Amino acid sequence: MHTDPIADYLTRIRNGIMAGHDAVVVPASKIKAQLSGILRQEGYIHSFKEVEHEGRTYIILNLKYVKDKQNVIHGLRRVSRPGLRIYTGAQDISDVHGGLGIAILSTPRGLLTGKDARKQNVGGEVLAHVW
């Protein structure tokens, strides 16, 4: 049993990247599907799909590589965690790696990137940084 499913999700992606896998399988949930949608929209993964196997639902993430198996994702970091929640206002959302990465926030309007949260003038819990 995992106490932090988002950290587990990010760790599975990180391990898949380090092993050079083309795809990663993670247990499905609504928030993981939304995270996968943001990663696809921002160009960090090729695609994802939900599949059912033996009564359980899983998400298959197709990782994105450039020439010579260089991964598009250079780093993933869980920011807010169950023991220490990190919240930020719309004006206080920081850039990730000088604007080369994204912050993913849980807001009252759903999961948003830091850039979209600033545009919509909403703050929330900073879930992760991806660069």
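Predicted model: local features only at pLDDT ≥ 70, side-chain atom pairs only at ≥ 80, totals over all residues.

Q: How many helices and strands are in the protein chain?
A: There are three helices and ten strands. In sequence order the pattern runs α-β-α-β-β-β-β-β-β-β-β-α-β.

Q: And how compact is the protein chain?
A: Its radius of gyration is 15 Å. The globule rule gives 14 Å for 131 residues, which is close, so the chain is as compact as a globular protein of that length.

Q: What does the C-alpha trace span along its principal axes?
A: About 40 × 35 × 25 Å.

Q: What share of the residues is buried?
A: Buried residues are 44% of the 131 in the chain.

Q: Ok, contacts. What share of them links residues 24 or more positions apart?
A: The figure is 62%, counting contacts with a separation of 6 or more.

Q: Now the inside. Which residues have the most contacts inside the largest nonpolar core?
A: Y9, I13, I73 and V130. That core has 26 residues.

Q: Which elements give two or more residues to this core?
A: They are α1 (5-19), β1 (23-27), α2 (30-41), β2 (45-53), β3 (56-63), β8 (102-107) and β10 (124-130). The largest share comes from α1, with five residues.

Q: New topic: charges. How many positive and negative side chains are there?
A: There are 18 positive and 12 negative ones. The centres of the two sets lie 2 Å apart.

Q: Backbone next. What is phi for D68?
A: About 55°, a positive value, although D68 is not a glycine. D68 sits in the loop between β4 (65-66) and β5 (70-71).

Q: Is D68 buried or exposed?
A: Exposed, because its relative accessibility is 69%, and the cut-off for exposed is over 50%.

Q: And where is H97?
A: H97 is in the loop between β7 (87-88) and β8. Its phi is also positive, near 50°, and H97 is not glycine. With a relative accessible area of 47%, H97 is partly exposed.

Technical notes: Residues numbered from 1 in each chain as written. Heavy atoms only, no water. Helix = DSSP H or I, 4+ residues; strand = E, 2+ residues; numbered from the N terminus. Rg over C-alpha atoms; globule rule 2.2 N^0.38 Å. Buried < 20%, exposed > 50% of the residue type's maximum accessible area, 1.4 Å probe, protein only. Contact = heavy atoms within 4.5 Å. Lys, Arg positive; Asp, Glu negative; His and termini not counted. Charge placed at Lys NZ, Arg CZ, Asp CG, Glu CD. Core = buried A, V, L, I, M, F, W, Y, C linked by side-chain atoms within 4.5 Å.
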